[in-house]
Amino acid sequence: MPSTAPSAPVPQGQHEPRPDPQALTSNPDPSQNAPTDVDYTPHPESSLKVPPEREAIVKAITNLYSGSGSEEDMRVYAEKAVYDDPWSFCDTRYKIAGQWY
C-alpha cells in the first residue's frame, strides 16, 4: 500500500552524501591535526616475525573474535583465566567460552 504521507524532495546541493572527515573535524591550526598521509595498506613483509607457537595463539584468538572459534581455540586460555570488561566478568575458561558460544 503506498504511503499517503507527504514527502519533500531533498535538494541535491543541501546534503553531503560522502562527508569529508578531515574537513569536518580538522583544527584551524594545522599543527594540531593528525597526519593525513597515513598508509593503512598492510605490508606483511614489514611486520615483526612471530614465533610459530605464538602464531597459533594469535590464530586461535582471531578465530574466537571473528565468530569462527572452536573448542580447541578456547584452550589458548588458561583453565583459571580471567576475562573482565564493562559487561561481564569470567574467572574460568569455561565461563569465557560462554562469551562466544
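Guide: We begin with a definition: a salt bridge is a side-chain nitrogen of Lys or Arg within 4 Å of a carboxyl oxygen of Asp or Glu. This is a predicted model, in which local features need pLDDT of at least 70 and side-chain atom pairs count only at pLDDT 80 or more, while totals for chains, interfaces and linings use all residues. Residues are numbered from 1 along each chain as its sequence is written, and side-chain values use heavy atoms, with hydrogens and water left out.

Visitor: By this rule, how many salt bridges does the count come to?
Guide: Side chains of opposite charge can pair when their charged atoms come close. Arg75 pairs with Glu71, with N and O 2.9 Å apart, and also with Glu72, where the closest N and O atoms are 3.9 Å apart. Lys95 and Asp91 form another bridge, at 2.8 Å from N to O, while shared partners join Glu71, Glu72 and Arg75 into one network. By the rule above, the salt bridges in the model come to three.

Visitor: Is Arg75 buried, partly exposed or exposed?
Guide: Buried means under 20% relative accessible area, exposed means over 50%, and partly exposed lies in between, using a 1.4 Å probe and protein chains only. Arg75 itself has a relative accessibility of 44%, so it counts as partly exposed.

Visitor: Which pattern does the protein follow when read along the sequence?
Guide: Helices (H or I, at least four residues) and strands (E, at least two) are DSSP runs, numbered from the N terminus. The protein has four helices and two strands. Read along the sequence, they give the pattern α-α-α-β-β-α.

Visitor: How far apart are the end C-alpha atoms of H2?
Guide: The expected span of a helix is 1.5 Å times one less than its number of residues. H2 has 14 residues, so it should span 20 Å, and the distance between its end C-alpha atoms agrees with this, at 20 Å.

Visitor: Which helix is included in what covers the buried residues of H2?
Guide: In H2, the residues Ala60, Asn63 and Leu64 are buried. They cover an arc of only 100 degrees around the axis (taken from the directions from the helix axis to the C-beta atoms), which puts them on the same side of H2. On the other side, Arg54 and Tyr65 are exposed. The cover over the buried residues includes residues 71-74, which form helix H3.

Visitor: Just after H2, which residue takes a positive phi?
Guide: The helix in question, H2, runs over residues 52-65. Just after it, a positive phi of about 85 degrees is taken by Gly67.

Visitor: What is the relative accessible area of Ile96?
Guide: Ile96 is found in helix H4. Contact means heavy atoms within 4.5 Å, and, not counting residues up to four places away in sequence, Ile96 touches Met74, Tyr77, Ala81, Val82, Tyr83 and Cys90. The C-alpha atoms of Ile96 and Met74 are 8.4 Å apart, although 22 residues separate them along the chain. Ile96 is buried, and its relative accessible area is 0%.

Visitor: Which residue has its backbone nitrogen 3.1 Å from a polar atom of the side chain of Thr92?
Guide: Thr92 lies in the loop between strand S2 (88-90) and helix H4 (93-97), and its relative accessibility of 18% means that it counts as buried. Leaving aside neighbours within four places in sequence, Thr92 is in contact with Glu79, Lys80 and Ala81. The backbone nitrogen at 3.1 Å from the side chain of Thr92 belongs to Lys95.

Visitor: Is Ala34 buried or exposed?
Guide: Ala34 has its place in the loop between helix H1 (21-25) and helix H2. Its C-alpha atom is 9.4 Å from that of Gln22, which is 12 residues away along the chain. With 56% relative accessibility, Ala34 counts as exposed.

Definitions and conventions: A polar contact is a pair of N or O atoms within 3.5 Å; within protein, one must be able to donate a hydrogen and the other to accept it, and residues adjacent in sequence count only if both atoms are side-chain atoms.
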